Each structure stands twice: as structure tokens, then as C-alpha cells.
Amino acid sequence: MEDKQELTLGKYSFQVKNRNRARGAVLLDTSEGPRLMREYERIRAHFTFENEVKERLAQRGMALTDRVVNNIEGNPVTEWESGEKFVVYQWYYGDSCDYRSCQGLEKAARNLGQLHRQLQGMSEGPVCMEEDLFRRYERRNREMKRVYHFMKDKKRKNDFELCALSCFPEFYRKAEKAAARLQKSSYWQKHGRETRDVCHGEYNYHNLIYTKKGIATTNFEHAQYGIQLMDLAYFLRKVMEKNAWQREKGEAVLEGYRSEAGMEPEEYEFLWTILTYPVKFWKLMSQYMNGKKTWISDKNMEKLISVREREEAKDKFLGETPNDYWS
């Protein structure tokens with residue numbers, strides 16, 4: 001394998017000074033700056049779309065992304081007869097996003113707002129969503145109900161099951177309310193089924209590098225046509241869970257995003273609705289149903305207790321209505 005890596009690097013114009021392993025890849029210090037080399041078993045069709053997204057961003061002034069570096073033959077992928085495929089990306093030296101810093105979070109949200117503006121109207125015509133969000137919520141709610149009845153019908157219940165059953169009614173009530181509010185949302189009715197806009201798909205602090213020139217945005221593997229506010233909801237949920245839903249952290253994110261992309265009342269209402277859905281509880285129930293039920297690890301019990309505690313902090317942050325949240 002190392003031989004193929006060396007042969008691959010020989011197909012690029014830069015000279016490698018040093019290398020280190022980094023998250024399933026190889027970080028290269030080269031004569032032309034940092035690069036990241038990844039090996040793939042196969043290159044999906046999505047690879048072309050990712051490159052188109054990053055090229056559009058570069059053309060519109062957001063060049064700090066992990067764009068593909070072509071080899072000396074002008075190809076984005078170096079492929080060998082034995083099947084190995086390698087891709088080299090532009091990379092950056094800098095600091096990771098500090099999710100504990102209000103200033104850092106505001107910058108990250110501002111970067112997201114700018115990214116969204118540049119990726120609006122990327123398609124000439126409307127593109128249908130891969131999955132209707134309301135249908136997704138309905139499916140998840142049915143899954144949770146099946147898990148509940150499975151647990152309830154068991155004659156011998158362990159501590160995890162007893163705890164899950166005791167808090168299920170409250171979480172399920174929130175899930176149903178979120179689905180019902182989503183269906184009535186004026187924003188979702190306008191933007192929930194087709195769009196011309198592109199989302200990053202996994203915008204979080206792991207995919208941001210704070211460089212001297214600005215924030216570099218990486219890992220567009222989940223980029224897709226979709227509701228851009230889902231990116232904001234995902235980022236906000238991630239950082240707020242890490243910060244116990246501290247209000248000042250959430251306000252920093254919202255202020256940063258609003259300064260670049262703006263937000264109307266119907267957008268705040270949609271975002272509030274998405275955040276009220278109990279994603280963490282649904283994930284735990286899904287993991288339980290798909291895993292071994294004869295033995296539940298202490299870790300799962302800890303996660304369930306943590307979800308209950310964080311839910312209280314989240315409720316306090318969001319308030320009873322969207323007006324409580326954004327006023």
C-alpha cells in the first residue's frame with residue numbers, strides 16, 4: 001500500500017517534506033503547501049457534484065475549501081490497474097473551531113451564512129428533495145412507537161427499558177407536536193419539497209479550520225440540494241449540546257448567521273420547529289431496537305440520562321413558542 005502511495009505522489013508536481021496520518025487520510029507538508037491524500041475503494045458520482053460545489057464557491061470568493069488537486073496528467077483521481085484510487089485535496093494549517101468561544105461560533109455561523117448565499121440558485125430549475133422531511137418525522141415517530149410497545153410488552157425489563165418507558169410519553173409528545181407544526185409551517189410549505197439551493201450537509205466544528213486568511217470549510221461529502229436552514233439547525237444543535245444549551249452561545253450562532261444570510265420570522269419558526277424534535281431520543285430508541293436487547297451497556301444508560309438532562313436545558317433555551325426563542 002505504501003508503494004502505491006509513493007507512486008501516486010510521484011504523479012504530482014509538489015515535493016513532499018513530511019507526512020502524518022489524519023482521520024483516515026495522510027496529511028502532507030509539501031513544497032506547495034499542505035495537502036491531504038485519501039484512498040477510495042470507489043469514486044461515487046457524487047464526487048463530481050462536490051467538485052462543482054467547491055468550484056462555484058471559489059468563483060464567488062470562497063476559495064478556502066478542500067478543492068481537489070489534479071495530478072500532472074490533469075486528472076482529479078489517480079487510479080491504478082489493481083483498483084486503488086487516490087485523491088489529493090488542498091488543505092490548510094490552522095486551528096480547529098472552538099465551540100466554547102462565542103466569537104469563534106459567531107465566525108463559524110457567519111461563514112455558513114456566506115456559504116449559503118453563494119450556493120443559492122445553483123440549479124437552473126427546481127430539484128425535488130431526496131426525502132420529504134415531514135414523512136421522515138412521521139416514519140421516526142412510528143419507529144419510536146414500535147419500540148415503546150416492544151418494551152412495554154416485555155415481562156422482564158432492565159433499567160434502561162424502565163427509564164426509557166418512563167420518559168417516552170414526554171419525548172413522543174414533542175415529536176408529534178414538531179411534525180404537526182412542520183406540516184403547518186409556511187416556510188416548509190414553500191421550500192420543503194423542491195429547491196434550487198445547496199446545503200453543506202454536515203456543517204460542524206470538525207469540518208472548519210481557522211486559518212490566517214479566514215475559515216476553511218472542508219468535507220463536502222454530504223453536500224446536496226436541500227433546505228439550507230437544516231445546515232444551521234444541525235450546527236446549532238451540535239454546538240449547543242456541547243455547551244449545555246447556554247443562551248449566549250446560541251445567540252452568537254444566530255447573530256453570525258443572520259449578519260450574512262438574514263432571517264425572516266417564518267425562518268425562525270421553521271428552525272425552532274426542527275430544534276424541538278427529539279433527535280437524540282429517537283436515535284437511542286433506534287439503536288436499542290437494532291441492537292442486542294439481551295444486554296444493554298452502561299454507556300447507553302448514561303446516554304439516556306444525559307438526553308433527559310439536556311432536554312431540560314434545550315427547553316429552557318427554546319422557550320414555549322418560536323417568539324420566546326428569537327424575540
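At what angle do helix α5 (residues 159-184) and helix α10 (residues 279-290) pack, and how far apart are their axes? They pack at an angle of about 140°, with axes 12 Å apart. The model is predicted: local features need pLDDT of at least 70, side-chain atom pairs count only at pLDDT 80 or more, and totals for chains, interfaces and linings use all residues. Residues are numbered from 1 along each chain as its sequence is written, and side-chain values use heavy atoms, without hydrogens and water.

**Helices α5 and α10**
- Helices are DSSP runs (H or I, at least four residues) numbered from the N terminus.
- Axes are lines fitted to C-alpha atoms over the stretch in contact, with angles from 0 to 180 degrees between N-to-C directions.
- α5 and α10 are therefore oblique to each other (under 35 degrees is roughly parallel, over 145 roughly antiparallel, 65 to 115 roughly perpendicular and the rest oblique).
- Phe-160, Glu-161, Ala-164, Cys-167, Phe-168 and Phe-171 of α5 make the contact (heavy atoms within 4.5 Å) with Phe-281, Met-285 and Tyr-288 of α10.

**Helices α7 and α8**
- Helix α7 (residues 229-242) packs with helix α8 (residues 247-261) at about 155°, the axes lying 10 Å apart.
- The pair is therefore roughly antiparallel.
- From α7, Leu-229, Leu-232, Phe-235, Leu-236, Val-239 and Met-240 meet Lys-249, Gly-250, Val-253, Leu-254 and Tyr-257 of α8.

Key. Helix = DSSP H or I, 4+ residues; strand = E, 2+ residues; numbered from the N terminus.
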